[in-house]
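Here's a quick briefing to read with the structure open beside you. Have a look around first, then come back for the notes.

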Amino acid sequence: MNNNKLNIAALLSTLLLGGCGSVLLEPPKSNIPSVFTTKNIKTKESLNLNPNWWLLFEDKNLNSLIDYSLKNNTDLAIAVLNIKNAQSALELTEIDKGAKYDVRAKIGGEKNFNTGKRGESNSISYSFSYELDLWNALGSAYNAKEWALSATEQEKEATKLSLIS
């Protein structure tokens with residue numbers, strides 16, 4: 001008898017809870033456009049932002065403080081050095097894209113002290129090579145270095161903006 005009551009109670013609770021789960025809910029209406037356009041987005045140029053905003057206050061103390069900070073900040077100096085490194089890496093990649101040549105000259109001499117005989121040797125060598133970039137590996141490496149330089153320049157600007165804000 002206890003088992004029957006327990007089974008009936010479990011069946012009724014399942015039916016009651018199952019009825020709650022069958023309620024259909026509708027999502028709220030939203031006015032999100034089906035197509036995204038970029039014609040209304042403002043660009044940095046259209047906003048007329050002044051990168052030297054502190055000059056608008058005409059405060060000599062603020063001007064000198066920001067000038068001192070820009071000249072003496074080590075993070076900004078490191079960012080400038082990183083830009084120079086990225087520029088050098090880009091130039092080296094540019095050099096790798098071209099023809100390579102090598103000229104070597106060698107002059108040698110020897111003397112045997114036991115016999116007194118002397119010997120001399122001279123040689124000149126020249127080599128020329130060019131790599132055909134069939135799969136654009138060199139071009140891709142150059143593009144990667146260009147992007148790295150651009151990112152490094154943006155990091156410097158972000159550091160400067162963080163410093164003066």
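What follows is a short tour, grouped by topic.

Keep in mind that this is a predicted model. A search of the whole structure turns up two salt bridges.

- Take Leu149 as a way in: once you set aside neighbours within four places in sequence, Leu149 is in contact with Ile83, Ala86, Gln87 and Leu90.

**Into α3: the Asn73 side chain**

- Asn73 sits in the loop that links α2 (60-72) to α3.
- A polar atom of the Asn73 side chain lies 2.9 Å from the backbone nitrogen of Asp75.
- That Asn73 side chain also reaches the backbone nitrogen of Leu76, at 3.0 Å.

- Asn63 belongs to helix α2, and it counts as buried because its relative accessibility is 18%, with the cut-off for buried being under 20%.
- Leaving out residues up to four places away in sequence, Asn63 touches Trp54 and Leu55.
- Glu58 lies in the loop between α1 (2-20) and α2.
- Glu58 isn't a glycine, yet its phi is positive, at about 50 degrees.
- Glu58 also counts as exposed, because its relative accessibility of 72% is over the 50% cut-off.

- The elements that supply two or more residues to the nonpolar patch are β1 (100-111) and β2 (118-129).
- Tyr126 has 56% relative accessibility, so it counts as exposed.

- Asn136 is found in the loop between β2 and α4.
- Here too there's a positive phi on a residue that isn't a glycine: Asn136 has a value of about 60 degrees.
- With a relative accessible area of 39%, Asn136 is partly exposed, so it falls between the 20% and 50% cut-offs.

**Salt bridges**

- A general point to start with: side chains of opposite charge can pair when their charged atoms come close.
- Arg104 and Asp102 meet through their side chains in a salt bridge, 2.7 Å from N to O.
- How exposed are the two partners? Arg104 is exposed, at 52% relative accessible area, while Asp102 is partly exposed, at 29%.
- The salt bridge between Lys156 and Glu157 has its closest N and O atoms 3.3 Å apart.
- Glu157 counts as partly exposed, at 37% relative accessibility.

Terms used. Residues numbered from 1 in each chain as written. Predicted model: local features only at pLDDT ≥ 70, side-chain atom pairs only at ≥ 80, totals over all residues. Heavy atoms only, no water. Contact = heavy atoms within 4.5 Å. Helix = DSSP H or I, 4+ residues; strand = E, 2+ residues; numbered from the N terminus. Polar contact = N/O pair within 3.5 Å; in protein donor to acceptor, adjacent residues only side chain to side chain. Buried < 20%, exposed > 50% of the residue type's maximum accessible area, 1.4 Å probe, protein only. Salt bridge = Lys/Arg side-chain N within 4 Å of Asp/Glu carboxyl O.
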